[in-house]
Amino acid sequence: MKQKQMKRVCLLIAGILFLLLFFSFSGIKKTKLLDTDGRNFEKAEVTKVISGNLSNSGSGKQTVELKLLSGDHKGKTIQATSSQSYLFGAKCKKGMKVIAIVNESNGELVASVYSVNRGPMVWLMAAIFVAIVVAVGGRKGISSILSLIFTMLCIFFIFLPMIYKGISPILAAVLVVAFTTVVTMCMVDGITKKSVAAMLGTIIGVVFSGAFALIFGQVTSITGYNVSDIENLVYVGEMTDIKIGELLFAGILIASLGAVMDVGMSIASTLNELKEQNPQVMLKELFQSGMNVGRDMMETMTNTLILAFTGGSINTLVFIFAYNYEYQQVINMYSVGIEIMQGLSSSLGVIMAVPVTSWIAAFLYSKNQK
């Protein structure tokens with residue numbers, strides 16, 4: 001079977017498997033956690049600012065007139081309040097497009113401004129991103145966008161429904177990571193020795209990452225119940241079958257996938273190029289070359305991961321610095337411990353992917369060599 005035909009067959013099988021999983025976990029009857037009857041989020045336009053007491057910083061409260069642009073009451077003009085704050089509301093001006101919370105009770109409408117309607121701009125920025133990726137990457141760029149879309153579909157329509165039905169989040173994360181890795185590699189390169197080496201190296205590297213996180217949590221007494229918003233999560237866990245305690249470690253598995261996959265494919269691709277340029281190169285030489293390339297990648301990729309998790313906790317770091325926390329206080333904070341665990345676990349996944357991918361690729365490329 002030709003490579004293109006094999007690639008199409010593999011993607012077809014992956015598509016069928018995705019649909020089977022999708023329909024298996026679709027149609028979930030969700031537990032009602034909040035009474036939202038009669039409440040809708042609708043698009044609207046500010047037609048008039050009636051009154052307001054905004055401060056110089058923009059905070060305060062306004063009374064505005066809105067024309068609804070969506071929903072059952074589309075075209076109707078209603079009065080609404082807008083409490084401008086850092087997280088909700090908007091500094092309304094005439095002609096501004098906003099999102100309004102519309103509550104209907106006994107035939108009467110009560111509305112408030114939720115936020116600026118930023119949805120169109122979000123999609124515009126996403127479209128610009130896609131256009132740049134395709135322009136720079138060509139067909140490979142298209143494949144990368146498709147694989148990204150597929151990964152997000154797997155997370156939203158397979159991973160989340162699986163854990164909602166009570167399946168272990170860690171097990172669900174491992175399955176989704178393996179599935180998305182195989183499909184992504186097939187999209188990029190089809191079924192070749194290079195893609196197989198990258199697949200196995202990525203999956204094993206991510207498993208190492210998850211195992212290290214579990215060990216780290218055990219020895220430091222950090223669990224999935226030590227995260228922020230745990231009160232809300234516990235309520236969700238009590239009302240549903242979601243295993244809240246495993247969410248932290250499942251998130252680490254998913255977070256490390258992208259970096260580990262990058263390392264796995266880069267090493268497998270490099271060794272494949274070396275083999276094509278020198279068919280007589282031996283397994284030991286290929287493995288050593290893979291290790292050399294991997295060590296160079298480790299220096300930058302590990303730094304990238306640590307900085308990424310540091311950036312995600314920048315608010316905590318500002319508090320620590322501004323309030324001059326003591327060392328014993330900082331090192332024993334749950335938030336700090338979790339960030340360290342996430343950074344080290346993801347970095348370890350990258351590190352372990354280097355020798356694993358190097359050995360698998362070297363073995364496959366020299367398998368029939370005397």
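**Entry 1: the model.** I reminded myself before starting that this is a predicted model.

Entry 2: I then searched the whole structure and found 1 cavity of 30 Å³ or more.

**Entry 3: who lines the cavity?** I wanted to know which residues line the largest cavity. I noted Thr151, Ile155, Val176, Val177, Thr180, Ile254 and Leu257. Sorting this lining by class, I counted 5 nonpolar and 2 polar residues, with no charged ones.

**Entry 4: which helices take part?** I looked up which helices each supply at least two residues of the lining. They are helix 2 (119-164), helix 3 (169-189) and helix 6 (247-277). Helix 3 gives the most, with 3 residues.

**Entry 5: on to the strands.** I turned to strand 4, residues 97-105, and found it joined to strand 1, residues 39-52, by 7 bridges. The two run antiparallel. As a landmark here, I picked arginine 39, whose bridge partner in strand 4 is asparagine 103.

**Entry 6: another partner.** Strand 4 also pairs with strand 5 (residues 108-116), in the antiparallel sense and over 8 bridges. For this pairing my landmark was isoleucine 101, which has serine 112 as its bridge partner in strand 5.

**Entry 7: the turn.** How many residues lie between the strands in the hairpin of strand 4 and strand 5? I found 2. In this hairpin, asparagine 106 takes a positive phi near 55 degrees.

Methods: Residues numbered from 1 in each chain as written. Predicted model: local features only at pLDDT ≥ 70, side-chain atom pairs only at ≥ 80, totals over all residues. Heavy atoms only, no water. 1 Å grid on protein atoms, 1.4 Å probe; cavity = no way out; pocket = protein on both sides within 12 Å on 5 of 7 lines; lining within 4 Å. Points joined across faces, edges and corners; volume = space filled by probe spheres on them. Helix = DSSP H or I, 4+ residues; strand = E, 2+ residues; numbered from the N terminus. Nonpolar A, V, L, I, M, F, W, Y, C, P; charged D, E, K, R; others polar. Pairing = 2+ DSSP bridges.
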